[in-house]
Amino acid sequence: MGICSDQNKCCMVAVSSIVLYAAAITMVVVGVLNLPEPGVLKGCPSAPGMPMFNITGGSIIMIGLFVREILKRFCECCNDCCDSDKCCRIGGKLLKCGVTLVFDVFFMLIAAVWLIAGTASVIDAYKKYLGEDLTMAFGTLK
């Protein structure tokens, strides 16, 4: 039983999923608690869209993790099909890896767009610290 045993991998995947789900749920809760209400001083004065940014981000993370787990389960359930002599063993494993790889790349692109949009929405609050040039570059993304 080495460091890279199946039991250790399974444990680390479970722990990292729990941590990511906890962070996503926290983002949604903080976003909901700080939604602006008429006549009540709540929310983020420097970036009014920040609560929706948190709600959207937490939802994207939870949906992405859920879909990734479903893809993983579907790819693992066809081990007998892809590992038998009827099927090309290398091709079947490559197909299973390719599906999750395409999903992971797509998910990272969505996360990158979400982070850039969030940065563009709050960059004006940091104008005096970052300088005019950088804030103007992100300001054009709004």
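Visitor: What does relative accessibility say about Arg 68?
Guide: Start with the classes: buried is under 20% relative accessible area, exposed is over 50%, and partly exposed is in between (1.4 Å probe, protein chains only). Arg 68 has 28% relative accessibility, so Arg 68 is partly exposed. Keep in mind that this is a predicted model: local features need pLDDT of at least 70, side-chain atom pairs count only at pLDDT 80 or more, and totals for chains, interfaces and linings use all residues. Numbering runs from 1 along each chain as its sequence is written, and side-chain values use heavy atoms, without hydrogens or water.

Visitor: Which residue forms a salt bridge with Arg 68?
Guide: A salt bridge needs a side-chain nitrogen of Lys or Arg within 4 Å of a carboxyl oxygen of Asp or Glu. Here the partner is Asp 104, and the closest N and O atoms are 2.7 Å apart. Arg 68 sits in helix 2 and Asp 104 in helix 4, so the bridge ties together parts 36 residues apart in sequence. Asp 104 is partly exposed, at 22% relative accessibility. The structure holds one salt bridge.

Visitor: How many helices and strands are there in the protein chain?
Guide: Both are DSSP runs numbered from the N terminus: helices are H or I with at least four residues, strands are E with at least two. The protein chain has six helices and zero strands. Read from the N terminus, the order is α-α-α-α-α-α.

Visitor: What share of the residues is buried?
Guide: Of the 142 residues in the protein chain, 19% are buried. For contacts, look for heavy atoms within 4.5 Å. Take the contacts in the protein chain with a separation of 6 or more: 56% of them join residues 24 or more positions apart.

Visitor: Which residues make up the largest nonpolar core?
Guide: A core is a set of buried Ala, Val, Leu, Ile, Met, Phe, Trp, Tyr and Cys residues joined through side-chain atoms within 4.5 Å. The largest one has six residues: Met 27, Ala 47, Met 50, Phe 53, Trp 114 and Val 122. Helix 2 and helix 4 are the elements that give two or more residues to this core.

Visitor: How many aromatic pairs are there?
Guide: A ring pair is described by the distance of the centres and the angle of the planes. Rings of Phe, Tyr and Trp (its six-membered ring) pair with centres within 6.5 Å; planes under 30 degrees apart are stacked, over 60 edge-to-face, the rest tilted. The count is two aromatic pairs. Phe 53 and Trp 114 have ring centres 4.5 Å apart and planes at 10 degrees, so they are stacked. This pair links distant parts of the chain: Phe 53 is in helix 2, Trp 114 is in helix 4 (residues 89-122), and they are 61 residues apart. Both Phe 53 and Trp 114 are buried.

Visitor: And the rings of Phe 103 and Phe 107: what are their distance and angle?
Guide: Their centres are 6.1 Å apart and their planes at 15 degrees, so this pair is stacked. Both residues lie in helix 4, four residues apart, about one turn of the helix. Phe 103 is buried, at 15% relative accessibility. Phe 107 is partly exposed, at 23%.

Visitor: What does Phe 53 touch?
Guide: Leave out residues up to four places away in sequence, and Phe 53 touches Trp 114 and Gly 118. Leu 115, in helix 4, lies 62 residues from Phe 53 in sequence and 9.2 Å away, C-alpha to C-alpha. Leu 115 is partly exposed, with 46% relative accessible area.

Visitor: Is Asn 54 buried or exposed?
Guide: Asn 54 is buried, at 16% relative accessibility. Asn 54 is found in helix 2. Setting aside neighbours within four places in sequence, Asn 54 is in contact with Met 27, Val 28, Val 30 and Gly 31.

Visitor: Which residues form a nonpolar patch on the surface?
Guide: The patch consists of Ile 63, Phe 66, Val 67, Ile 70 and Phe 74, with about 490 Å² of accessible area together. Phe 66 belongs to helix 2 (residues 50-77). Phe 66 is exposed, with a relative accessible area of 51%.

Notes
Patches are made of residues with over 30% relative accessible area and no salt bridge: like charges are joined within 9 Å, nonpolar side chains (Val, Leu, Ile, Met, Phe, Trp, Tyr) within 5 Å. Accessible areas come from the Shrake-Rupley method with a 1.4 Å probe; for residues, only the protein chains shown count as cover.
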